[in-house]
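The sequence and the structure are shown first.

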Amino acid sequence: MATIDNDPAFTSLCNEKTLQSQKEGFFNVFYASVAENFTGKNANWLTEVYQRLPTDAEKLRVVYDDPVVAYEVLGTLEHVQPVFRAKDARFSWQRREQAMKLLGENKFQQALMMACQAVMRAPAQGVDKFIDKGLTLALALWTRAEVFIRMLDGKRAQQDLQLAVKCGLPVKQNAEYYLRVAKCYALCGEDGRAEVAAKLFHQLSGHNDYALGRLKEDMEDLRVLKKETPTVEQDRSLPALAGAGENVELKGCSTKLKLVGAQEDPRGRYVIAAEDIGPGEPIVAEPAEAACLYPKFFGSHCYACFARLIAPVACSECCGVAFCSVACRDKACATYHRFECQYLDMMIGSGMSILCFIALRIVTQAGTPQKAIEAGQSLLDTLCKHTERRDPEDHFKRTLMTTFLLRCLQKAEFFGRRTTESPEPNPLELQVGAILLGALQSLQFNAHEIYETRVTGEHRFDTAKVLYLGVGIYRAASMFNHECRTGVLRTFLGTSIIFHTARTIPRGELVPENYGPHFLRQPKAVRQRNLRSRYWFKCECKACIEDWPQMDKLTDKPRLLCPNGNCGNVLPYPGKPSQRNPKCSKCKTQVHLEASVKMVEACDQLYVTAAEMMANEQVDQAIELLKKGITIFSQVAVPPHKATHIAQEALRSCLADKGNVNHY
């Protein structure tokens, strides 16, 4: 076990996973075809030529120019073409018909699924005039609006009706349109507007009093049903930061934090407490610099903000991704998605990892090459990438991936219309390529997985589990160093990251995050190997130095702080009342531990009561009790302590309940 934390093969595997997510992706074939040239007189090309080039830009340039590799690289890149799932008016029409049939059978959820597929696959207005006279999208939205009305969701029905009009749905002399609008307003409690819409329906229906009477009856029935089945939409917003607002040096962070250290420091730059911080305090609330959804969630979550989709809004060109709103769609399609849209399926097929998508997104969301270079370099300047320690083969693979991403950008006209079809980059393209290559190195050490809490049953905690949706990069959050006992509780709201403190952190002490290997779940040797292989450092936190036991072997009797002033010594927990007055080995005085024991017992009781509050779904009350118990513990004892570590995880669950939560 002595050498388990220094495993080159495992390190290579970890590096590869940050570049490629699938073994079957065609990028492996691309690399293999190039690597075949590293034989004979070229066997040392990577170390003798490639590795000796001092900058990422020069390393990228050489793969296009050096005859050892250029032929295979250029030949492969010539084949990059748009690959995406296009719209299909006939398919949309079929799904629309199925939705209406299911609606007639009162199968609302199935009808909604069909209607959503009809919306997603429908081409834009006028694209296919042979089906629905070019109004397939408008009619799909019209159908989904009716489904939402039947499901008592007036707000979403109204949004679909408005979209349908924008997509060409005839409104003039359309009595049925105002009938549905009146129902939407009735469901939303806007009775005045509902009456106006009803009057318009009456006029356009030829003053049909019977039809108006039926409409008013339907509106009243909808109001009654809506009252019987109210929907509660919980307000979810980023928490106010602890302290005196936002930190000037660390955007998105509390003034209770301070950035120290330097890039050349073995620990890099890292965050400490600028003043005493109590448990449960919000110290980071930071929007993502860039965030990408895992492809398997493209059909269930918003491509932009990661919200669960209920009434998806489609891209006008592809069917590969969906958005939760017009605002999210328009923002994405105005910047990054217009460059990614037609190449998304090809990129997924390459087998490239989610970190490659993030690297590309850092560039595409900037909108122009010049802005991408400026914003990308600003971000990379804050992140470590360990280029000097990277194996030349691994670095070369990342360079090869960069050529593929750069070719996608060229073909998508991110650089404008090019005068040549050759993949060889011009100076501006090469600068953007250097940003991509730098990101492909630094993201390995700095990205965060974004999760939601998925509730699969009635109880919000008993049936909850963490589901990882995608990955984000955060400028400030990346500055937190690791400890195997975390100092922060990480939650997410949309793609924004939130840190609350997990425990009391005195002024001047490190505010640590946990990168994944936690002492409760993994033994020291495994943690050390994982951290060295994935993040390239040896952890020397207290949990490692003292080799704390895992959860199943944790003690309920923690060590106690010497109650004598600022002694700082720790004493064994007294097993018997007769052992509660020992002599401290450091300050050489006899101390009384009775009060400390009672305070630990009080902590345990607070944790038990908090658990009861969680069982009753009284989240805010549970949070306050957990914070109080963790605070008391820090005043009299030191970890490890089983009950306190469980309480910290319970606190994270309570705080996560205020973030990304989906009920299925």
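## Basis of the model

The model is predicted: local features need pLDDT of at least 70, side-chain atom pairs count only at pLDDT 80 or more, and totals for chains, interfaces and linings use all residues. Residues are numbered from 1 along each chain as its sequence is written, and side-chain values use heavy atoms, with hydrogens and water left out.

## The chain as a whole

The chain contains 24 helices and 14 strands; these are DSSP runs numbered from the N terminus, with helices being H or I of at least four residues and strands E of at least two. Its C-alpha trace spans about 100 × 75 × 40 Å along the principal axes.

Of the 664 residues, 52% are buried, a term that means under 20% relative accessible area, while exposed means over 50% and partly exposed lies in between (1.4 Å probe, protein chains only). Contact means heavy atoms within 4.5 Å. Among contacts between residues at least 6 apart in sequence, 68% join residues at least 24 apart.

## Helix α17

Helix α17 covers residues 369-380, and its twelve residues reach 16 Å from the first C-alpha to the last, close to the 16 Å expected at 1.5 Å a residue. That expected span is 1.5 Å times one less than the number of residues.

Pro369, Ala372, Ile373, Gly376, Leu379 and Leu380 are the buried residues of α17. They lie on the same side of α17 because they cover an arc of only 140° around the axis, the arc being that of the directions from the helix axis to the C-beta atoms. Lys371 and Glu374 are exposed on the face turned away from the buried side of α17. The partners against which the buried residues of α17 pack are α16 (354-364), α19 (427-446) and β8 (464-473).

## Helix α1

In helix α1 (residues 8-17), the buried residues are Phe10, Thr11, Cys14 and Asn15. Their arc around the axis is only 140°, which puts them on the same side of α1. The face turned away from that buried side carries Ala9 and Lys17, both exposed. The cover over the buried residues of α1 includes α18 (392-411), α19 and α20 (524-535).

## Ser496 in strand β10

Strand β10 runs over residues 496-501 and contains Ser496. Ser496 is buried, as its relative accessible area is 11%. Leaving aside residues up to four places away in sequence, Ser496 touches Leu238, Glu286, Pro287, Ala288, Tyr474 and Thr491.
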